[in-house]
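Please look over the structure below. A short briefing follows, sorted by topic.

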Amino acid sequence: MTDKKTIKKSSLDDLFKKMMADGKRVLAPVRKGETVLFQEVDGYSAVAADYVQTTLSAKEALLPRCEEMMRFTTAQSTVSLEEGPAKPSPVVVFGVRPCDARSIAVVNAVYLKDYNDALYKEKSDSTTIIAVSCAKSDEYCFCTSVGGSPGSTEGSDILLTLIDGDTYLAEILTDKGKAVVSIAPALFAAAGSEVKEKHLADVPVQFDLGALEKKLPGAFDGAVWITQSLRCIGCGTCSYVCPACTCFDIQDETDGTRGMRFRCWDSCGFGQFTLHTSGHNPREVQSQRWRQRIMHKFSYQPDQLQVVGCVGCGRCSRACPVDMNILQHIKDIVEAR
Amino acid sequence: MQDKIIQKAKELLSGGAVQVVIGYGQGTGDRVRAIFIQKPEDAGRLIMDGRCVQNLAGYLMKHEVRALGRAAIVARMPVLRSIAQLMYEEQFKDSDVAVIGISDANELVDLPDLNALKEYVRANPLKLTPEEQAEVDRLDAMTREERWAFWMEETSKCIKCYACRASCPMCYCARCTVEVNQPQWISVPSHDLGNLEWHIMRAMHLAGRCVNCGECTRACPVGIPLRLLNQRIIADIADNFGEEEDYALAAFKPDDKEDFIR
Amino acid sequence: MSRIGVFVCHCGENISATVDCAGVAEAMSRVPGVVHSVDYKYMCSDPGQTMIKDAIKEKKLDGVVVSACSPHMHEPTFRRACAEAGLNPYLCEMANIREHCSWVHEKSEATTLKAIDLVHKMVEKVKKNQPLYSIKVPVTKTALVLGGGIAGIQAALDIANAGHKVVMVERSPSIGGHMSQLSETFPTLDCSQCILTPRMVEVAQHPNITLYTYSELESMDGFIGNFKVRIRKKARCVDEKLCTGCGLCTTKCPTKKIPSEFNEGLGMRSAIYVPFPQAVPNKPVIDKTQCTFFLKGKCKVCEKVCPTKAIRYDQEDEIIEVDIGAIVLATGFNVLGAEHFPEYGYGRYRDVIQGLQFERIASASGPTSGAIRRPSDGTEPETIVFIACAGSRDEAKGIPYCSKICCMYTAKHAMLYKHKVHHGKAYVFYMDIRAGGKMYEEFVRRAIEEDDVKYIRGRVSRIYEEDGKLIVKGADTLLGHQAIEIRADMVVLASAAVANDGAEELAQKLHVSYDPYHFFAEAHPKLRPVETNTAGIFLAGACQAPRDIPETVSQASGAASKVAALFSQSELTREPVIAVVNRIAPPLYSTCTGCALCVPACPYQAIEMEEIKNRDGVVVKRAAKINPGLCQGCGTCVALCRVKAIDLQGFSNEQVFAELMAL
Amino acid sequence: MAEFEPKIIAFVCNWCTYTGADLTGTSRIKHATNVRIIRLPCTGRIDFMLLMKAFARGADGVIVSGCHPNDCHYTSGNFHARRRWILFRSLLNFMGVDARRIIFSWVSAAEGAKWAEVVNTAVKEIRALGPYDEYKNLAPIRASWRTEHAG
């Protein structure tokens with residue numbers, strides 16, 4: 001049962017300080033030149049205002065771009081695993097957009113469903129998501145087309161919605177959310193009859209997800225993939241900014257007798273992603289990789305994991321150096337006869 | 001200008017000289033994007049204005065684009081330079097490509113073949129603009145420690161998405177150095193060392209080849225001013241070696257000057 | 001897992017005096033992949049090599065690191081030993097813990113730790129070594145001899161007599177070199193020309209020798225067995241085929257007051273000239289810088305008088321290209337110029353001369369027909385002073401070395417003088433007398449004891465002219481630095497022997513090393529004295545260091561025998577240290593991306609682009625291809641290759657990387 | 001406290017500097033023990049990435065040395081290398097990498113004494129600059145390995 005409270009914008013700094021005093025690291029969107037990135041902050045004043053979407057998603061709190069998996073030492077004929085560094089303190093991620101919060105379910109489906117990934121689980125358990133509803137959207141946003149909304153609570157521990165210039169409606173959604181409130185109960189007030197809906201951005205539904213999911217299995221051999229991806233240059237930007245992309249690469253690094261294993265982001269957009277040792281590459285050209293991206297998110301993942309691999313945050317389209325607009329491409333596929 | 005390009009594209013396509021024209025068209029919102037015109041009647045979609053800065057030369061080497069047939073490419077100066085360099089690097093020949101050249105003065109340039117293009121590029125050597133030079137100088141004026149802090153801050157944003165590489169027409173290698181793992185020269189993970197090594201390596205591998213189109217910086221999703229590195233090298237090449245060679249690192253003069261070798 | 005054997009050499013005490021060799025061996029035994037690690041007093045000795053061979057067999061080693069001296073010293077030794085035990089020789093590496101460690105550091109823990117590092121890095125390298133197979137290349141059995149002095153003559157004749165072709169290139173119009181200028185030779189006092197001239201003629205007439213005089217090396221490419229040489233044959237302005245050497249042109253030439261190089265400026269020659277009567281070839285050359293026709297456009301006297309119409313004013317330099325298998329460098333030496341001796345008044349006082357000038361004066365064929373006469377007034381000097389070490393062993397003149405020949409020829413000069421001017425007084429100022437050589441010491445004693453030459457140990461501080469005499473001021477250090485003043489009629493300086501003009505430039509053309517004095521460097525001072533660091537290029541005579549005639553001749557024969565040995569095989573084997581372009585599975589075939597930027601960077605034009613075809617014969621890509629015959633293994637392309645598609649055998653990316661990561 | 005002993009890695013060509021360093025040995029000219037030589041055929045073979053990796057591996061300084069101009073055994077390897085170093089050094093400096101820690105020299109096969117001097121000067125200079133932790137610690141494997149596990 002959702003507990004609704006209010007909190008003043010002016011109290012957020014206090015909340016931050018109290019959470020930090022409680023031993024939590026607080027990550028929040030910080031403006032860096034033209035980008036807005038989640039970074040550890042020491043107060044609310046550092047938090048960026050007035051942006052539609054962060055440049056990178058909050059996924060990194062749970063799935064870092066480069067993460068130590070284990071460390072080892074080698075001797076004459078043995079390899080021994082070593083204890084890693086001390087566990088980092090619990091994290092509160094503030095300012096997550098509802099679409100990003102929804103994406104956690106997609107990542108969870110990969111890392112916690114069939115196999116329980118200990119590294120991920122550890123982070124997942126110790127991370128609290130304070131999301132903030134979207135009052136603004138742009139032409140790239142399409143959360144409503146993939147089952148989300150600018151005020152969706154899915155995946156958040158607390159969802160804040162600015163209901164007047166100074167007051168947030170705080171929906172306390174989980175035990176982790178309650179734990180945050182309990183750190184600074186005085187900062188929260190009981191909510192009245194406020195409703196968030198009228199404070200949310202208007203994001204129109206752009207395509208019929210069901211129709212897309214039906215269409216894709218038969219579209220594998222179509223020419224659309226080539227046409228759409230002619231301008232795709234094969235970088236990994238879309239995957240790396242995507243909150244729901246989960247693929248990783250494993251890299252070992254050694255220094256003398258010491259070694260470390262890292263898990264690093266990877267992208268199906270890269271030519272080498274599927275390269276076999278034999279030299280054979282089942283996805284030899286970019287159009288096949290583009291198809292994979294769309295198929296995986298909108299067909300394979302719904303089939304296998306019962307989640308749609310896209311939350312409509314629009315980041316990939318915003319960040320794409322060559323203006324590959326996923327929304328436009330999907331609409332074209334749905335509308336094609 | 002735009003009309004002339006459309007006209008030229010129509011001619012090339014209808015005459016059968018090319019099967020595809022690579023140019024700029026309307027993108028999302030006020031963006032422009034690369035478009036691939038295959039029919040004369042679609043040529044009207046071509047756009048030419050101040051937003052059309054993406055270096056399209058890389059598409060000439062893309063498998064699916066090549067499969068369309070002989071291409072004409074709308075080419076401003078950086079694209080012309082890229083084509084000249086790619087030609088020097090034997091990546092394509094005259095029969096592969098026609099150019100619709102546009103001068104820095106925004107005039108259509110008649111470049112009937114790639115040799116003409118090569119001459120044209122040679123006649124307009126690569127130079128940094130005063131503004132670009134000033135930005136390089138601004139960094140040079142910092143202390144070493146400040147520069148280190150600057151680049152550490154910038155490269156810490158790097159996520160190794162390789163958009164800089166993918167967007168660069170000169171980064172066409174079949175297997176990039178970072179993917180060479182016997183031995184693993186460049187640390188792959190996106191940590192401080194991996195990021196720094198990647199960007200040093202990339203700048204060095206573009207030394208003498210970079211055409212200063214700025215695509216890497218535009219492509220970078222986290223806004224790292226990568227082209228500064230290439231611009232430093234472009235200035236160094238001009239200062240130290242002059243401008244004659246096609247590739248400064250495969251050439252030398254017995255009296256090349258330096259002031260640091262003991 | 002590798003099975004590496006490590007063999008740590010004590011080199012007697014050369015290494016073990018400062019490095020804990022047993023400690024190094026022990027440390028290596030703990031390195032993963034090392035299955036055998038021992039130390040021994042002399043690894044290069046027979047028992048030492050046997051240890052290695054036995055270990056290879058018993059422990060089934062797949063890599064060997066010999067930790068001893070420089071690989072330049074014993075790498076071939078140990079690689080051969082490994083090969084004899086059935087291990088591919090290129091799976092053996094040396095760690096240099098002598099030259100680079102024990103000899104340059106004091107005994108300390110740091111020294112041993114460094115040795116451990118040096119050995120460890122080679123262990124890591126050898127793990128990445130691949131078996132390699134030496135490359136067979138054909139040998140062009142023609143030798144190039146650069147220089148036509150006694151060194152070149154001897155080498156050329158020896159090679160030619162062994163049945164091989166020789167191309168001899170001499171810079172001046174005639175062969176003969178400095179030896180042809182000498183009057184008599186020590187210690188036998190036989191006439192230099194009498195023993196040399198027959199050899200010169202033999203060279204000219206030998207069916208296996210092609211002689212190019214008045215010619216210089218233009219450029220050299222290629223490598224041992226397969227050099228390509230371009231020779232610039234300078235225009236003589238005389239058709240050598242037509243010229244009979246009658247000499248009419250030289251006698252009729254109106255320009256006659258040109259100081260003769262052969263006579264060291266003590267005699268004169270004409271503008272069209274033969275340097276000396278016994279010159280080989282006996283064909284004149286027009287000195288374009290002096291000839292009236294070339295300077296003023298008219299004269300042509302020589303053309304008019306020539307009975308065979310052999311004069312060719314419009315003759316141009318000719319470039320001759322030859323394929324060569326080996327090169328003997330015999331370009332000789334020079335003597336220190338006049339400008340270095342202001343204190344002796346050389347160049348200012350006409351009667352202060354240097355040794356080669358005295359040779360001409362004493363020579364029967366010289367300007368005075370062998371009579372000892374002062375250059376200034378032609379009188380017979382009553383008192384003569386010889387100054388040894390004029391420039392030699394003098395840091396201030398930049399010549400710290402001993403010129404080696406001066407002690408002997410000064411004694412000879414003094415003797416020749418006394419034999420001709422019996423009543424004259426001869427003084428020799430010297431620092432030390434170095435007369436090591438067969439009959440040399442006896443020769444000097446004879447000068448002192450039989451010919452009454454006065455030897456004064458000390459240096460001359462100054463010479464000045466006074467009343468037609470040269471006042472030589474010096475000190476006798478054996479008499480407690482007693483000041484000495486001699487009123488002499490003539491002074492002879494034993495000027496230092498220095499590298500020949502253009503030696504540095506020539507070394508650079510041939511890619512051979514040279515020392516700080518521009519003498520060419522031998523591959524090893526003791527064990528490879530006639531070889532250079534560049535395979536197939538050998539040294540003879542004073543271009544390497546000051547030498548006398550017997551030494552020069554024996555070294556020339558040594559070089560010739562090296563050439564003959566090389567030519568005795570139809571193929572030679574080369575180290576397989578060459579670059580290769582990788583091949584991988586389709587569809588990439590090679591990681592080479594075909595950018596072709598390595599092509600212009602290769603110093604040997606060894607890289608070309610090739611088309612790779614699939615099994616249907618369709619060209620799938622273009623990739624670089626290294627010609628193994630031309631590649632010399634510098635690795636410039638390897639460093640340049642962005643995708644690392646080119647690698648260098650023996651110094652591969654994996655090997656070098658492994659070395660670095662071990663440090 | 002003991003003096004800081006810098007770790008210096010030298011990349012040298014086989015024909016000039018390596019042989020020159022041999023001559024240092026043959027001449028018994030004593031010098032500091034800090035330098036470890038890696039032998040390559042030619043300076044032309046020295047990839048700039050080797051220098052980068054040397055610092056990543058924990059070097060405090062690097063020496064690069066080969067034949068004097070015009071003396072290259074392979075004619076022009078050192079000329080190519082020289083251009084490479086001109087650009088590489090400038091780039092490193094522009095990125096704030098401490099280019100003073102890379103010492104470039106020409107040492108011929110005859111310059112045994114010069115090699116000793118290059119080594120001693122390098123050791124002195126790098127010692128004065130101190131450990132290059134700034135670079136070494138970029139890699140997590142060096143920065144975050146707990147000291148009790150240090151190998």
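In chain A, 71% of the contacts with a separation of 6 or more join residues 24 or more positions apart. Two residues are in contact if their C-beta atoms, placed from the backbone, lie within 7 Å. This is a predicted model: local features need pLDDT of at least 70, side-chain atom pairs count only at pLDDT 80 or more, and totals for chains, interfaces and linings use all residues. Residues are numbered from 1 along each chain as its sequence is written, while chains are lettered from A and ligands numbered from 1 in the order in which they are written.

**Chain A overall**

- Chain A has 10 helices and 12 strands. Helices (H or I, at least four residues) and strands (E, at least two) are DSSP runs, numbered from the N terminus.
- A compact globule of 337 residues would have a radius of gyration near 20 Å, and the 21 Å of chain A agrees with that. The radius is taken over C-alpha atoms, and the globule rule is 2.2 Å times the number of residues to the power 0.38.
- A box of roughly 65 × 65 × 40 Å, taken along the principal axes, holds the C-alpha atoms of chain A.
- Of the 337 residues in chain A, 47% are buried. A residue is buried if 20 or more other C-beta atoms lie within 10 Å of its own, exposed if 12 or fewer, and partly exposed in between; the C-beta atoms are placed from the backbone.

**The eight-stranded sheet of chain A**

- Strands of a sheet pair through backbone hydrogen bonds, either parallel or antiparallel. Here, two strands pair if DSSP finds at least two bridges between them.
- Chain A has an open sheet of eight strands in the order β3-β2-β6-β7-β8-β9-β1-β10, and the pairing is mixed.
- β3 and β10 (188-190) of chain A stand at the edges with a single partner strand each, so one side of each has no neighbour in the sheet.
- On average, neighbouring strands of this sheet are turned by 30° against each other, direction ignored. Axes are lines fitted to C-alpha atoms, for helices over the stretch in contact, and angles run from 0 to 180 degrees between N-to-C directions.
- Strands β6 (residues 91-96) and β7 (residues 127-132) of chain A run parallel and are joined by five bridges. V91(A) has T127(A) in β7(A) as its bridge partner.

**Strands of chain C**

- β24-β25-β26 is the order of an open sheet of three strands in chain C, with antiparallel pairing.
- Its edges are β24 (460-466) and β26 (482-488) of chain C; each has a single partner strand, so one side of each is left without a neighbour in the sheet.
- Neighbouring strands of this sheet are turned by 20° on average, direction ignored.
- β25 (residues 469-476) of chain C runs antiparallel to β26(C), with seven bridges between them. One residue pair is V472(C) and its bridge partner I486(C) in β26(C).
- Elsewhere, β11 (residues 215-223) and β12 (residues 226-233) of chain C pair in the antiparallel sense over eight bridges. S219(C) stands opposite R230(C) in β12(C).
- Two residues lie between the strands in this hairpin of β11(C) and β12(C), where G225(C) takes a positive phi near 85°.

**Helix α15 of chain C**

- What span should the 19 residues of helix α15 (residues 549-567) of chain C have? At 1.5 Å a residue they should span 27 Å, and the end C-alpha atoms are 26 Å apart, which agrees. The expected span is 1.5 Å times one less than the number of residues.
- The buried residues of α15(C) include I549(C), V553(C), A560(C) and F567(C).
- Among the elements that the buried residues of α15(C) pack against are α6 (150-161) and β30 (571-574) of chain C.

**Where chains meet**

- The contact between chains D and C takes 38 residues from chain D and 40 residues from chain C. α1(D) gives the largest share of the side of chain D that touches chain C, six residues.
- That side of chain D divides into 15 nonpolar, 14 polar and nine charged residues. Ala, Val, Leu, Ile, Met, Phe, Trp, Tyr, Cys and Pro count as nonpolar, Asp, Glu, Lys and Arg as charged, and the others, Gly among them, as polar.
- Chain A gives 35 residues and chain B 31 residues to their contact. The side of chain A that touches chain B divides into 16 nonpolar, 12 polar and seven charged residues.
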